[in-house]
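Thanks for coming. I will talk about how two parts of one chain meet. Please look at the model first.

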Amino acid sequence: MTRRTIYIIDVTNRDGVQTSRLGLAKLEKTIINLYLDEMGIFQSEFGFPTTKHETNYLNANLELVEIGALKRIRLGGWMRAIKADVEEGFRLVPKLKHVNLSISTSDQMIKGKFRGKYTWEDIITMMCEAVEAAREYGAESIGVNAEDSSRTELERLIEFSEAAKEAGADRIRYCDTLGYDDPFTIYERVKRLAEEVRIPIELHCHNDLGMAVACSVAGAKGAIDGGVDAYITTTVNGMGERAGNADLVSTILAIRKSSGFKDKYHLDEHIDLRYAWKICKYASLSFRVPIPVNQPAVGDNAFAHESGIHADGALKDSNNYELYHYTEVGRGHIEQIETGRLITTGEYSGIKGFKNVAGKYELEFQDDREAREILELVRYANVHTQKPVTEDEMRFIARYPEQARKIMSVQP
């Protein structure tokens, strides 16, 4: 019997950046892609191919794949399941290989959003035309998103999924767009969908009722029990519209450590949670959203014990009051804090100050000319992100100046 696998598709750079009043600079999105790749995540939904201010960033990140800076991760673009959008997306980003095509399927959305513009038959026809067009343009993998799946009649969802499969889709994304499902309903619906259509299923769950992680893992269980591979979409720190999406680290921990999943369901073996701390801290800095003190694994109190009984038990054996060790999620290192003279880099930095900082990071330049070229890009990065340039951002700019310049070039 074939062992079915759960894969992670992180959508921080697509759904996470849709968080109202927040967002990421293109350089920050790129660093997140690099961190996700280090962490062994299967795919990053890295942006919107039809959105012109994303064009340089998207093409530059695909160049990073070609030159081996991004080693394993797939970069997927999100588009509406409309043929014209697919054509425009591939015109602007011709080297795109992985896509997710989205269209609403619930009666509520068809009536309340489309206002009678499209019939159910129109929805299926448009979706199929978009899938076929994406394949013609060279897409190697195609996911079809049924927006508002959880409020779509199940028989219609099956019909939609069968049509997508026949048109050439590789996966169906079951979108709990409003966080409407609970772990029990999503398990039953996804299991039935998997059994009927025999196509891998992505779970895309929002956190409006506080159940995004629970619904994601329950839906994945339904897909596996139904005989197909499962994919879960996540965001770093649970960022996303309204109450957010399923949190990346919490979802992985739920599959690896919970009683019903541990040693029973197979998670993509490439995932390395030791990078969790780094990516979560970087996303917090970039979004300017503090990590909650009680956030699983990465919150300040995730491994803190004060109660006498708990402290005593944890000191005797950490397994008494901790399901996993802090080193498993990349914690336990000593952070150095400058308490004397501090030289920083920003949009007005000079060459001597920059060389001082670069020296701390052990960055070497062939000559003064190269150092000044990188300094100029670091200045742009500070203007671009409106934040101090991090060590990894500076290392990226120094190593890939051509791609960094393109990523930070947002033109009308």
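I start with a term: buried area is the accessible area, taken with a 1.4 Å probe, that two parts lose on being put together, summed over both. The model is predicted, so to speak of local features we need pLDDT of at least 70, side-chain atom pairs count only at pLDDT 80 or more, and totals for chains, interfaces and linings use all residues. Residues are numbered from 1 along each chain as its sequence is written, and side-chain values use heavy atoms, with hydrogens and water left out.

The protein chain has domain 1 (5-282) and domain 2 (351-404), with bounds from an automatic or database domain assignment. Their centres, taken over C-alpha atoms, are 34 Å apart. Domain 1 puts 15 residues into the contact and domain 2 puts in eleven; contact means heavy atoms within 4.5 Å.

How much area is buried between domain 1 and domain 2? About 1,100 Å², and carbon and sulfur atoms give 69% of that area.

Next, the charges. The rule finds one salt bridge across this interface, meaning a side-chain nitrogen of Lys or Arg within 4 Å of a carboxyl oxygen of Asp or Glu. A salt bridge joins the side chains of K387 and E28, at 2.8 Å from N to O.

On the side of domain 1 that touches domain 2, the elements giving two or more residues are α1 (26-39), α2 (55-66) and α10 (276-287). Helices here are DSSP runs (H or I, at least four residues), numbered from the N terminus. The largest share, seven residues, comes from α1.
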